Amino acid sequence: AVYFGPYSSNGDVQINVGNGGAISAVLDLLTAQLAQLYVRGRTPTMSLFVNMLRPAVPVPGVFKAETWVEKEEGGRIVMKAEFSNGEGTVF
């Protein structure tokens with residue numbers, strides 16, 4: 001579970017909506033941690049692509065962040081992650 005407080009809101013555009021940069025940072029941290037556990041060593045982020053599907057609301061609020069290993073190819077680990085409300089709505 002991830003708590004987004006009032007200061008992680010995208011207040012420049014819309015109050016009470018999760019900031020895309022904060023969401024991306026959480027997903028980057030989670031995938032990096034899982035990758036390090038997976039290889040039992042250091043794993044730098046080679047690239048990060050985040051596709052925002054809809055506004056993350058409400059902020060402040062508690063969200064569910066999940067990550068998993070999608071595949072390995074040529075010494076690289078491909079990770080996937082989702083940021084949701086925990087009830088089926090993926091942001």
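Start by selecting V17, which touches S8, S9, N10, P55, A56, V57 and V59, not counting residues up to four places away in sequence; contact here means heavy atoms within 4.5 Å. This is a predicted model, in which local features need pLDDT of at least 70 and side-chain atom pairs count only at pLDDT 80 or more, while totals for chains, interfaces and linings use all residues. Residues are numbered from 1 along each chain as its sequence is written, and side-chain values use heavy atoms, with hydrogens and water left out.

**Stop 1: around V17**

V17 sits in the loop between β1 and α1; helices (H or I, at least four residues) and strands (E, at least two) are DSSP runs, numbered from the N terminus. Is V17 buried or exposed? V17 is buried because its relative accessibility is 8%, where buried means under 20% relative accessible area, exposed over 50% and partly exposed in between (1.4 Å probe, protein chains only).

**Stop 2: two cis peptide bonds**

Move on to P58, in the loop between α1 and β2. The peptide bond leading from V57 to P58 is cis, and its omega is near -5°. Then select P60, which belongs to the loop between α1 and β2. V59 and P60 are also joined by a cis peptide bond, with omega about 5°. As background, most peptide bonds are trans.

**Stop 3: the helix**

Select residues 20–39 to show helix α1, which has 20 residues and reaches 28 Å from its first C-alpha to its last. That is close to the 28 Å expected at 1.5 Å a residue, the expected span being 1.5 Å times one less than the number of residues. At the start of α1, look for a side-chain oxygen of N19 that comes to within 2.7 Å of the backbone nitrogen of G21.

Which residues of α1 are buried? They are I23, S24, V26, L27, T31, A32 and A35. Their cover includes β1 (2–4), β2 (61–73) and β3 (76–84).

Zoom in on T31, a residue of α1. T31 counts as buried because its relative accessibility is 14%. A polar atom of the T31 side chain lies 3.0 Å from the backbone oxygen of L27. This is a polar contact, meaning a pair of N or O atoms within 3.5 Å; within protein, one must be able to donate a hydrogen and the other to accept it, and residues adjacent in sequence count only if both atoms are side-chain atoms. Leaving aside neighbours within four places in sequence, T31 is in contact with T67, M79, K80 and A81.

Step past the helix to R40, which follows α1. The phi of R40 is near 55°, a positive value in a residue other than glycine. R40 is exposed because its relative accessibility is 79%.

**Stop 4: the strands**

Select V2 to find its bridge partner in β2, F63. β2 and β3 also run antiparallel, joined by 9 bridges, and V69 has M79 as its bridge partner in β3. These two strands, β2 and β3, form a hairpin with 2 residues between them, and G74 in the turn has a positive phi of about 55°.

**Stop 5: the nonpolar core**

Which residues make up the largest nonpolar core? Select V2, F4, I23, V26, L27, A56, V59, F63, A65, F83 and F91, 11 residues in all. β1, α1 and β2 are the elements that give two or more residues to this core, and α1 has the largest share, 3 residues. A nonpolar core is a set of buried Ala, Val, Leu, Ile, Met, Phe, Trp, Tyr and Cys residues joined through side-chain atoms within 4.5 Å. Centre on F91 to see its contacts beyond four places in sequence, among them P55, A56, F63 and F83.

**Stop 6: the salt bridges**

How many salt bridges does the structure hold? There are 2, each a side-chain nitrogen of Lys or Arg within 4 Å of a carboxyl oxygen of Asp or Glu. K64 pairs with E66, the closest N and O atoms being 3.9 Å apart, and K71 pairs with E73 at 3.3 Å.

Definitions and conventions: Pairing = 2+ DSSP bridges.
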